[in-house]
Amino acid sequence: MDFNLGEEQEAVREAARDFAQSELLPGVIERDTEQKFDKDLLRKMGEMGFMGMMVSPEYGGGGMDTVSYAIAVEEISKVDASASVIMSVNNSLVCWGLEAFGSEEQKQKYLTRLATGEIIGAFCLSEPEAGSDATSQHTTAQDMGDHYLLNGTKNWITSGNTASVCLVMAQTNPEEKHRGINCLIVEKGSDGFSVGRKEDKMGIRASDTHSLMFSDVKVPKENRIGDDGFGFKLAMSTLNGGRIGIAAQALGIAAGAYERALQYAQERTTFGHPIFDHQAIQFKLADMATRIEAARLLVYKAAKDKDEGKDYVKSAAMAKLYASDVAMWVTTEAVQIHGGYGYVKEYHVERLMRDAKITQIYEGTSEIQKLVIARELIK
């Protein structure tokens, strides 16, 4: 058992932290307020290798392990969770799904560009009637011989307007239920493909979240990933890994709020002393640091399980469940430590608290994680 990180992993942490502090921190409040993410920053994230970290070098990726990826997401999330969710979706859901299950032609056509950040991908599973119940896909892909005819609506799609390529889950054979679902690669700009209004969100406001509509969109058969009916299995397999990314995001949000609270507690004085000298503040910070470290160990264990080829369904669900709860609790305490200053944007912690909440909801709610864990316990 070894809790030490390797030299390459430490280098990844340093690079991600430097990028977050030098490139993402300036303007992060403005991006949150204006609900816009700078395309130049996306380009720089691609150039730094953050958009395809785990993709094999032969397809333009970094070929890194999942632990390194989790470390990078953690550091970037300390500053800008909107940046990290764009990065997480592109890495964990789109690139990983394509490399694990796509054909060689699909990898050459799409993965090589996604891994370098030349284009961005979106993962389209959720619908108005299919959030936690992912088996109830109302979007349909009618088999027309050499192509599918795609119809339906997808909700809450991260990078919905920015993405050039979408992995869309759709029902082809309703009588087969979840075994009749396919995953189709759909290009932005296809006839009948339209982007709905941008969601006005509580947190991660700089990432663009949209509904996507498909009206008789023709999708070539060669754009189906895997065999007929493989879509649901692909979605569930992909989400298992995606939960590690979101757990790392939650960890980073918590750690970022803690770092700011610790610094503030040493600078802010009351009754002639830094507020850190007060036992009430010390106890808060001690609890924050302890819970963050516990969450970090869970996240890194899940990532390590994935890297070692072990079954990581339970460890990923545990990591996401716990880290997201820690993020919500720590950010709330960070606001409390800041007092009135914690309630204004200038001090960042109110934004981190708003960003934290979504980690308990997307890529499987906390309640879904408990179901997953419970089912794994009795296998």
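This is a predicted model: local features need pLDDT of at least 70, side-chain atom pairs count only at pLDDT 80 or more; totals for chains, interfaces and linings use all residues.

Guide: Residues are numbered from 1 along each chain as its sequence is written, and side-chain values use heavy atoms, with hydrogens and water left out.

Visitor: What makes a set of grid points a pocket?

Guide: On a 1 Å grid over the protein atoms alone, a pocket is an open set of points where a 1.4 Å probe fits, with protein on both sides within 12 Å along at least five of seven lines. The largest pocket has a volume of about 1,100 Å³, a volume being the space filled by probe spheres set on the points.

Visitor: Which residues line the largest pocket, and which lie nearest its centre?

Guide: Lining residues have an atom within 4 Å of a point. The largest pocket has 41 of them, with Gly 131, Ile 361, Tyr 362, Glu 363 and Gly 364 nearest its centre. The helix α7 gives the most, six residues; helices here are DSSP runs of H or I with at least four residues.

Visitor: What is the make-up of that lining by class?

Guide: The lining of the largest pocket has 21 nonpolar, 11 polar and nine charged residues. Asp, Glu, Lys and Arg count as charged, Ala, Val, Leu, Ile, Met, Phe, Trp, Tyr, Cys and Pro as nonpolar, and the others, Gly among them, as polar.

Visitor: And which helix gives the most to the lining of the second largest pocket?

Guide: That is α8, with seven residues. The second largest pocket has a volume of about 550 Å³, and its lining has six nonpolar, two polar and 10 charged residues.

Visitor: How do you know that the span of α11 agrees with its number of residues?

Guide: The expected span is 1.5 Å times one less than the number of residues. For the 12 residues of α11 that should be 16 Å, and the end C-alpha atoms are 17 Å apart, which agrees.

Visitor: Why are the buried residues of α11 said to line one face?

Guide: Buried means under 20% relative accessible area, and exposed over 50%, with a 1.4 Å probe and protein chains only. Ser 366, Ile 368, Gln 369, Val 372, Ile 373 and Glu 376 are buried in α11. Their arc, taken from the directions from the helix axis to the C-beta atoms, is within 155°, so they line one face of α11. The face turned away carries exposed Glu 367, Lys 370, Arg 375 and Leu 377.

Conventions: Helices (H or I, at least four residues) and strands (E, at least two) are DSSP runs, numbered from the N terminus.
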